[in-house]
Amino acid sequence: MIVACALWVLAPVRLPGQGAGEIVLGMSAAFSGPSAELGRGIRTGVELMLRRVNEAGGIGGRRLRLVALDDSYQADPVKDNMLRLIDREQAVAVIGNVGTAGASVAVPIANERKVLLFGTYSGADLLRKTPPDRYVLNLRSSYAEETSVMVRGLFRRGIRPQEIAFFTQNDAYGDSGFAGAVRALNEAGFKDTGTLVHGRYDRGTVAVESGVMALVEARVRPKAVILVGAYAANARFIRLARQIIPSALFLNVSFVGSSSLNEALGADAEGVIVTQVVPHYDSPLPGVREYRQALARFAPAVPPSFIALEGYLAAKALVEGLRRASPNITRERVIDALESAPIDIGIGTSLSYSKGEHQGSHQVWATVIRDHKFVPLDW
C-alpha cells in the first residue's frame with residue numbers, strides 16, 4: 001500500500017503558480033477506524049496517478065505531491081485538516097475527501113476560502129447544489145442516481161414497488177439514497193412510498209435489529225431491500241434478514257465498500273448486488289487499463305478495487321485541469337480550466353463540467369457477487 005505523507009514532516013511550500021517547485025494537493029479521509037478501506041483506497045488511486053505523472057516529468061516540470069490527513073471518518077477533524085491543507089500546505093486543490101459528514105464540514109470551508117474541493121467520495125446532495133457551488137466539483141454519480149438505477153432494475157426483474165424495502169443509515173448519506181429511490185418510484189406512478197418498509201440505524205453502529213424487525217412486521221413480504229449504509233451494518237443486516245426473506249435481493253450503493261462487504265458477508269455474499277460509479281476494474285476501457293498498469297508498476301502487491309479506481313480517475317481528471325491551467329496554475333484558473341471543455345478519462349464518455357454543471361459523470365454500473373467475486377450485472 002502506498003503510504004501518504006504525514007503533515008508534521010512536511011515543510012510549508014508556496015502556493016503553486018507563485019514560483020513553487022511542486023504542485024501540492026490535499027486530502028482529508030479515513031485512514032484509521034472501521035472505514036479505513038475507503039480512505040486508503042482513494043489515496044492509493046490518487047497516488048498512483050501522481051506517480052505516473054511525476055515519472056513522466058510532472059506538469060511543466062513541476063512534481064505533484066499529495067498531503068493526506070487522517071480524519072477517521074469523523075466530521076470533527078475535517079475542519080482542522082482542511083485549514084491546514086489550505087493555509088500551511090497551500091494546496092491548490094483538495095481531492096478525494098471521504099464521506100458525507102466530512103463533506104458537510106469541508107464544503108463551507110472550500111467555498112469560504114475559495115479552494116477547489118474535487119472528487120469527494122460521496123454521492124450526497126449537499127455536494128450537488130443547484131446552481132452548483134463554484135468550488136465543489138464531483139466525479140461520481142449521486143446516491144440518488146444509484147438507487148434510481150436499482151429501482152428500475154428491480155422493475156425489470158418483475159418486482160413490484162410495494163415489494164421493495166429499505167435499510168438506511170440515519171443521516172444525510174442514508175437520506176440521499178432513499179430520496180432517489182422514492183423519486184424513481186414516484187416517476188413510475190407509485191405514490192404510496194410511506195407504506196414501504198424502511199429500517200434505519202445510527203451511523204457508527206451495527207444496531208440493525210429494528211430494521212430486521214420491520215421486515216418481520218411488513219404487511220407485504222419484501223422481495224428486495226435497498227441498503228444505504230456502511231459495510232459492517234449492512235453485512236449484519238443482510239445475514240439476519242436472510243433468515244426471514246431468504247430469496248430476497250439485497251442491493252447496496254457504492255459507498256458501502258465493496259471488498260469489505262464481500263469479506264464481512266463470507267458465505268452470505270452470494271447474489272448480493274452493489275452499484276458502482278466507475279467501470280469494473282477488469283474492464284478493457286482505456287482509463288481502466290491505464291489504472292491497472294499503474295497499479296502493477298507502482299503497487300503490485302495491492303489488488304485492484306473500485307475505490308482505488310475512482311481515486312485514480314478523479315486524479316486523472318484533476319491533472320487535466322492542472323495541465324490546462326499551466327504554467328500559471330492558481331486555484332481559480334484550475335476551476336476555469338476544468339469547466340472549459342470536456343475531459344476524456346477513458347471510461348466511455350467524457351466528463352463535462354461547466355458553470356452550471358459540476359458533476360462529471362452520471363453513469364452507474366451494477367455488479368453482483370458470484371463465488372466471492374464482483375461481476376457485471378445484467379438486470
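**Ground rules**

I worked on a predicted model, where local features need pLDDT of at least 70, side-chain atom pairs count only at pLDDT 80 or more, and totals for chains, interfaces and linings use all residues. Numbering starts from 1 along each chain as its sequence is written, and side-chain values use heavy atoms, with hydrogens and water left out.

**Entry 1: nonpolar cores**

I looked up the cores first. A nonpolar core here is a set of buried Ala, Val, Leu, Ile, Met, Phe, Trp, Tyr and Cys residues joined through side-chain atoms within 4.5 Å. Buried means under 20% relative accessible area, exposed over 50%, and partly exposed in between (1.4 Å probe, protein chains only).

Which residues touch the most other members of the largest nonpolar core? I got Phe-118, Ile-226 and Phe-237, out of 114 residues. Helix α10 (residues 306-325) gives the most to this core, with 13 residues. I take helices (H or I, at least four residues) and strands (E, at least two) as DSSP runs, numbered from the N terminus.

I then listed what Phe-118 touches, leaving out residues up to four places away in sequence. Contact means heavy atoms within 4.5 Å. The partners are Val-94, Ile-95, Gly-96, Leu-137, Ala-314, Ala-317, Leu-318, Leu-338 and Tyr-353. I also found a second, separate core of 18 residues, with Leu-69, Met-82, Ala-91 and Val-107 among them.

**Entry 2: helix α11**

Next I checked helix α11 (residues 331-340) for burial. Its buried residues are Arg-331, Val-334, Ile-335, Ala-337, Leu-338 and Glu-339. Their cover includes α2 (76-88), β4 (116-118), β5 (136-137) and α10.

**Entry 3: α7 against α8**

Two packed helices are described by the angle between their axes and the distance between the axes. I took the pair α7 (residues 231-241) and α8 (residues 258-265). The angle is about 40 degrees and the axes are 9 Å apart. Axes are lines fitted to C-alpha atoms, for helices over the stretch in contact, and angles run from 0 to 180 degrees between N-to-C directions.

Which residues make the contact? From α7 I noted Tyr-231, Asn-234, Ala-235, Ile-238 and Arg-239. From α8 I noted Ser-260, Leu-261, Ala-264 and Leu-265. By class, the contact has 6 nonpolar, 2 polar and 1 charged residues. The classes put Ala, Val, Leu, Ile, Met, Phe, Trp, Tyr, Cys and Pro as nonpolar, Asp, Glu, Lys and Arg as charged, and the others, Gly among them, as polar.

**Entry 4: salt bridges**

How many salt bridges does a search of the whole structure find? It finds 20. The criterion is a side-chain nitrogen of Lys or Arg within 4 Å of a carboxyl oxygen of Asp or Glu.

I looked at Arg-134 and Asp-336, which meet at 3.0 Å, N to O. Arg-134 lies in the loop between β4 and β5 and Asp-336 in helix α11, so the pair ties together parts that are 202 residues apart in sequence. Arg-134 is partly exposed at 25% relative accessible area. Asp-336 is also partly exposed, at 37%.

Lys-129 and Asp-133 form another salt bridge, at 3.5 Å, N to O. Lys-129 is partly exposed at 42%, whereas Asp-133 is buried at 16%.

Arg-160 pairs with Glu-163, the closest N and O atoms being 3.1 Å apart. Is Glu-163 buried or exposed? I read it as buried, with a relative accessible area of 5%. Arg-160 counts as partly exposed at 41%.

**Entry 5: backbone**

I checked omega next. The bond from Thr-130 to Pro-131 is cis, with omega near -5 degrees. Pro-131 sits in the loop between β4 and β5. Ser-326 and Pro-327 are also joined by a cis peptide bond, with omega about 5 degrees. Pro-327 is in the loop between α10 and α11.

Then I looked up phi. Ser-72 is not a glycine, yet its phi is positive, about 55 degrees. Its place is the loop between β2 (63-70) and α2. Lys-114, not a glycine either, has a positive phi of about 60 degrees. Lys-114 lies in the loop between α3 (100-113) and β4, and it is partly exposed at 48%.
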